[in-house]
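Q: I have a structure open here and would like to go through it with you. Could we begin once it is on the screen?

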Amino acid sequence: MATTTISSAKPADAACAPARSLWQRQRWLILRRTSQLLILLAFLAGPWFGVWLVKGNLSSSLTLGVLPLTDPLLVLQTLVTGHLPYSSALIGAAIVLGFYLLVGGRIFCSWVCPVNVVTDAAAWSRRRLGIKTGRVPDAATRYWLLGGLLVAAAVTGSLAWEWVNPVSLLHRGLIFGMGGGLFVIAGIFLYDLLVASRGWCGHLCPMGAFYGLLGRKALVRVSASKRAACDDCMDCFAVCPEPQVIRPALKQVGQESPLILASDCTTCGRCIDVCDKQVFKMTHRFDQRSE
Amino acid sequence: MDTGKKPARKPSDAASPASAARRKFINSVAAAAGGGCLLALGAGLYAKSASALPAQALRPPGALPESDFLAACVRCGLCVRDCPYDTLHLADLGDPVVTGTPYFTAREVPCEMCEDIPCVKACPTGALDRSLTDINKAQMGLAALVDHESCLNFLGLRCDVCYRVCPVIDKAITLETQHNPRSDRHAMLLPTVHSDACTGCGKCEKSCVLPVAAIKVFPRQLAQGALPAHYRKGWEEKARHGGSLIGDQVELPVRGFEGPTAGRAATETVVAPTGPAPAPAAPATPPPPAKAAGGINSHWKP
Ligand code: SF4
Ligand code: SF4
Ligand code: SF4
Ligand code: SF4
Ligand code: SF4
C-alpha cells in the first residue's frame with residue numbers, strides 16, 4: 001500500500017530551506033485552518049456572544065435568517081428512507097451540491113470539516129513519532145461504506161449512519177455540547193495514529209467519498225506546473241493525505257496534463273506549502289500550462 | 001476476508017503474474033467491500049437496537065411518529081435554537097435518546113406551548129410537521145398520574161398544583177370528586193388526565209410539588225392503551241343513533257339477592273346490626289357503640 005511506504009520518508013516540515021519565509025511554507029495550511037475556524041465561529045457566535053450569524057450545524061443550517069444550507073448526503077439518505085423533506089432542506093442541499101460540484105468536492109474535507117483537524121494532527125504526530133505500524137484498509141472501503149449507509153437507510157427506514165457519523169458528531173458536539181462523542185473522535189485519532197496512516201479520511205469516511213464523487217469535474221485544482229524542477233525529495237508525498245493523486249501529474253503517469261485531476265485530492269494545498277522547488281500551484285481545471 | 005481468499009487458492013491460477021495481480025485485486029475489493037458493508041451493517045443494527053424512545057424523553061411539538069421522525073430529522077438543532085425557553089436539547093452519543101435528535105425532559109424544562117410554535121417553523125425537513133398550527137393540538141406525550149400512593153390529592157389533601165398549571169386546564173386535566181374511604185366523610189379531588197386534550201407539554205410533571213413527581217409525562221405509545229378496533233361502546237352507539245340498535249331487551253328478574261343483605265358488599269354484612277354479630281367484629285369497631293344501620297355517626301362537627 002502506497003501510504004505505508006510513504007510514511008517512512010523523513011518529516012517534511014523539517015526539511016525546509018531558509019530561502020522561503022514561514023508564510024510561504026505554511027500559507028495554505030494557515031488559510032485552511034482559518035477557514036475551518038471561521039466557519040465554526042460563525043456557528044458559535046450565537047450561543048457564545050448572542051450574535052446569530054448561522055444557526056444549526058453542518059447537517060442543516062440557516063445563515064442570517066435567509067440562506068438555508070443542508071448536507072446533500074443527508075438529504076439523499078432521507079429520500080432513500082422514503083421521506084420527502086420540506087423545500088427549505090431541498091433548496092439548501094441544492095445550493096451545497098452546486099457549490100461543491102463547481103468549486104471542488106473534497107474542498108469540504110480540507111476547508112470545512114472539523115474532523116480534518118483531528119486526522120491531520122494524527123498524521124502529523126505519526127510522522128513526528130516515526131510510527132510505521134499498522135494495517136491500512138483499502139481506499140475503496142469508503143465507497144462501499146457510502147453504498148452501505150444508503151442501503152442501511154433504506155432498510156432501517158432511518159438515518160442509520162447519523163447514529164455514529166463522526167463528522168456530524170464532532171461538529172454538533174462543538175456547537176451544542178459534547179460528551180460520549182469525544183470517545184469516537186479520540187478513537188479516530190488513535191486509529192489514524194497507531195493503526196492506519198490517514199486511515200479515516202483517506203480510506204473510510206463515506207462523507208469524504210461522497211464529496212470526492214461530487215468533485216470529479218470541479219474547477220479548482222492543484223497543478224504541478226513546474227514539475228521539471230522536482231528533485232524527488234518526496235516531501236509532498238509525505239504530507240499529502242491522498243499521496244496516490246500526485247504521481248500522475250508530477251511524473252506524467254498516464255496523463256500529459258500537470259493538473260492533479262483525481263477527485264480524491266482534497267485541494268488542501270499542503271503540497272504547495274512543503275515543496276521547496278515550488279513545483280505546485282493552485283489554479284483552475286483549464287490551466288494546462290507547465291513550465 | 002474468507003470470501004476474497006477462496007479464488008486465490010486455486011492452484012491453476014497461482015503461477016502467472018497476471019493472476020497474482022488479479023488475486024490481489026480481488027482480495028482488496030473483498031476486504032473493502034467486507035469492511036465497508038460491516039461498518040454500515042453495524043451502524044444499521046445499532047440504529048435498530050437503539051431506536052426506542054426512553055420514557056422520560058419527549059419530542060418537540062409536531063414531531064412525526066417516532067419511526068418517521070428518525071427518517072426525517074437531520075439533527076441540525078434549528079428547532080433547539082428557536083425555542084425561546086431552551087426547552088429542547090440535542091441528544092449526545094451515549095444518551096438514551098437517538099444521537100443528535102431533539103428532545104426535552106418535562107421535569108427539567110417543560111414546553112411552554114408557544115402560540116406561534118417557533119420550533120416547528122424552524123424545522124427544515126418536516127420532521128416537525130408544519131400542519132400543526134394550533135399548539136393545543138400538539139401530542140408531545142401524555143401525562144399519567146402514576147403514583148397514587150404519594151400524590152397529595154390521593155391522600156385526601158388539596159394540592160391541585162398539576163391541575164392549576166395545566167395550559168389546557170379543565171380539558172386536559174380535571175379534578176374528579178370521589179368519596180374518601182379512609183376518613184369516610186371527605187371527598188378526594190383526583191387529578192385526572194384526558195388523552196384527547198393533553199398535549200404532553202410536561203408542565204404538570206415539572207410543577208408537581210413532591211420531591212419526585214407523582215404525575216409524569218410519557219411518550220404517547222408508552223402511556224396510552226388501546227381498545228380492540230372492533231369494540232363499540234353500547235351507550236355511545238345508543239346516543240348516536242337515538243336508541244338501542246338491537247331493540248328493547250327483555251327485563252329478566254334478578255334472583256339470588258333477596259333478603260336484608262341484597263345489594264351490599266360482603267364486608268358491610270359483618271357490621272350490619274340486624275344479623276347475629278360475629279365475634280371478631282366487636283374489637284374492630286371499638287369506641288362508638290351507637291352505630292346505626294345505614295350510616296356512621298362519630299359525632300364529629302366541623
Ligand atoms: S474525509 Fe470525512 S472526516 Fe475527513 S475531512 Fe472529509 S468529510 Fe471530514
Ligand atoms: S495533492 Fe496536494 S492539494 Fe491534493 S490532497 Fe495532496 S497535498 Fe493536498
Ligand atoms: S412550543 Fe415553544 S416552548 Fe415548546 S418546544 Fe416549541 S419553541 Fe419550545
Ligand atoms: S429542526 Fe427538524 S431536522 Fe433539525 S433537529 Fe429539529 S426536528 Fe430535527
Ligand atoms: S402534560 Fe400536564 S400540563 Fe401539559 S397538557 Fe397534559 S395534563 Fe396539562
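Q: How many salt bridges does the rule find across the interface of chain A and chain B?
A: This is a predicted model, and across the interface of chain A and chain B the rule finds 1 salt bridge.

Q: Which residue forms a salt bridge with B:Asp82, and how far apart are the closest N and O atoms?
A: The partner of B:Asp82 is A:Lys55, and their closest N and O atoms are 2.7 Å apart.

Q: And the interface as a whole, how many residues are in contact?
A: Chain A contributes 45 residues, which are in contact with 44 residues of chain B.

Q: What area do chain A and chain B bury between them?
A: Chain A and chain B bury about 3400 Å² between them, and carbon and sulfur atoms account for 68% of it.

Q: Which residues in chain A lose the most area to chain B?
A: In chain A these are A:Tyr86, A:Trp144 and A:Trp163, which together make up 25% of what that side buries.

Q: Changing topic: what surrounds ligand 2?
A: The residues around ligand 2 include four cysteines, A:Cys240, A:Cys265, A:Cys268 and A:Cys271. Also among them are A:Val222, A:Pro241, A:Val245, A:Ile246 and A:Ile260. A:Thr266, A:Thr267 and A:Gly269 belong to the surroundings of ligand 2 as well.

Q: How does that shell around ligand 2 divide by class?
A: The shell around ligand 2 has 9 nonpolar and 3 polar residues, and no charged ones.

Q: Now chain B by itself. What does its secondary structure come to?
A: Chain B has 11 helices and 6 strands.

Q: How much of chain B counts as buried?
A: Of its 302 residues, 37% count as buried. The accessible surface of chain B comes to about 18000 Å², and 59% of that surface belongs to carbon and sulfur atoms.

Q: What about contacts in chain B between residues at least 6 apart in sequence?
A: Of those contacts in chain B, 59% join residues at least 24 apart.

Q: One more thing, the backbone: what is phi of A:Gln278?
A: Phi of A:Gln278 is near 50 degrees, a positive value in a residue other than glycine. A:Gln278 is found in the loop between α14 (270–274) and β5 (281–284) of chain A.

Q: Why does A:Gln278 count as partly exposed?
A: Because its relative accessibility is 38%, which falls between the 20% limit for buried and the 50% limit for exposed.

Q: And where does B:Asp184 lie?
A: B:Asp184 is in the loop of chain B between β4 (173–179) and β5 (187–193). Phi of B:Asp184 is near 70 degrees, also a positive value in a residue other than glycine. With a relative accessible area of 36%, B:Asp184 is partly exposed.

Technical notes: Residues numbered from 1 in each chain as written. Chains lettered and ligands numbered in written order. Predicted model: local features only at pLDDT ≥ 70, side-chain atom pairs only at ≥ 80, totals over all residues. Heavy atoms only, no water. Near = heavy atom within 4 Å. Nonpolar A, V, L, I, M, F, W, Y, C, P; charged D, E, K, R; others polar. Helix = DSSP H or I, 4+ residues; strand = E, 2+ residues; numbered from the N terminus. Buried < 20%, exposed > 50% of the residue type's maximum accessible area, 1.4 Å probe, protein only. Contact = heavy atoms within 4.5 Å. Areas by Shrake-Rupley, 256 points an atom, 1.4 Å probe, with all protein chains shown as cover. Buried area = accessible area lost by both parts, 1.4 Å probe. Salt bridge = Lys/Arg side-chain N within 4 Å of Asp/Glu carboxyl O.
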